[in-house]
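Let's walk through a model together, feature by feature. Keep the viewer open as we go.

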Amino acid sequence: MTEALPSIPQPGTRESETLEIKSARILDDEDGLTDLLQGIVGMLNAQGGEIWVGCKDEQDAVLEYEPMSREKLANWVTRLQDKLVKRVEPPPAETEVRLTLVPQGDGFLL
């Protein structure tokens, strides 16, 4: 059975305790990866939620989408999964963190 894709936050949607918005630029360096890991751990330690990568924000609200190529995201998802296992104690179960490529325009959001 195929899981339904999550709903993409619409422009104007504001960040909250259960929603973080990250620009595609977060994937460009190790500092971005560290920032994203901190967000994931925060969600794991709280009530859960969603982190969307590929949403340009302004004043903590979705401004527009920044779709990324499948190739860029596939490489990055592998690195993120590796870091989650190596840096987070205890490592999250597969059911606790779901990394999903969601089609948007000519690319994908994560």
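This is a predicted model: local features need pLDDT of at least 70, side-chain atom pairs count only at pLDDT 80 or more; totals for chains, interfaces and linings use all residues.

Q: How do I read a helix pair, and at what angle do α1 and α2 cross?
A: Two packed helices are described by the angle between their axes and the distance between the axes. Here, helix α1 (residues 30-45) and helix α2 (residues 70-87) have axes that come within 11 Å and cross at roughly 60 degrees. The axes are lines fitted to C-alpha atoms, for helices over the stretch in contact, with angles from 0 to 180 degrees between N-to-C directions. Helices (H or I, at least four residues) and strands (E, at least two) are DSSP runs, numbered from the N terminus.

Q: Which class does the α1 and α2 pair fall into?
A: α1 and α2 are oblique to each other; under 35 degrees would count as roughly parallel, over 145 as roughly antiparallel, 65 to 115 as roughly perpendicular, and the rest is oblique. The crossing of α1 past α2 is right-handed, that is, the near helix is turned clockwise from the far one by less than a right angle.

Q: Which residues make that contact?
A: From α1 you get E30, L33, T34, L36, L37 and I40, and from α2 W76, R79, L80, K83, L84 and R87. Contact means heavy atoms within 4.5 Å. These residues split into seven nonpolar, one polar and four charged, where Ala, Val, Leu, Ile, Met, Phe, Trp, Tyr, Cys and Pro count as nonpolar, Asp, Glu, Lys and Arg as charged, and the others, Gly among them, as polar.

Q: What about the largest nonpolar core: which members touch the most others?
A: In soluble globular proteins, nonpolar side chains tend to be buried together. A nonpolar core is a set of buried Ala, Val, Leu, Ile, Met, Phe, Trp, Tyr and Cys residues joined through side-chain atoms within 4.5 Å. Buried means under 20% relative accessible area, exposed over 50%, and partly exposed in between (1.4 Å probe, protein chains only). The largest core has 20 residues, of which L27, L36, I40, V53, W76, L80 and L84 touch the most other members. α1, β2 (50-53) and α2 each give two or more residues to this core. A second, separate core of eight residues includes L19, I21, C55 and V102.

Q: Is R79 buried or partly exposed?
A: R79, found in helix α2, is partly exposed at 28% relative accessibility. Not counting residues up to four places away in sequence, R79 touches E30 and L33.

Q: And what does L44 touch?
A: L44 sits in helix α1 and is partly exposed, with a relative accessible area of 29%. Leaving aside neighbours within four places in sequence, L44 is in contact with P92, E96 and V97.

Q: Where is the cis peptide bond?
A: It joins E89 and P90, with omega about -15 degrees. P90 is in the loop between α2 and β5 (102-104).

Q: Which loop holds Q59?
A: Q59 lies between β3 (55-58) and β4 (61-65). Though not a glycine, Q59 has a positive phi of about 50 degrees, and at 65% relative accessibility Q59 counts as exposed. D60 lies in the loop between β3 and β4; its phi is near 60 degrees, a positive value in a residue other than glycine.

Definitions and conventions: Residues are numbered from 1 along each chain as its sequence is written. Side-chain values use heavy atoms; hydrogens and water are left out.
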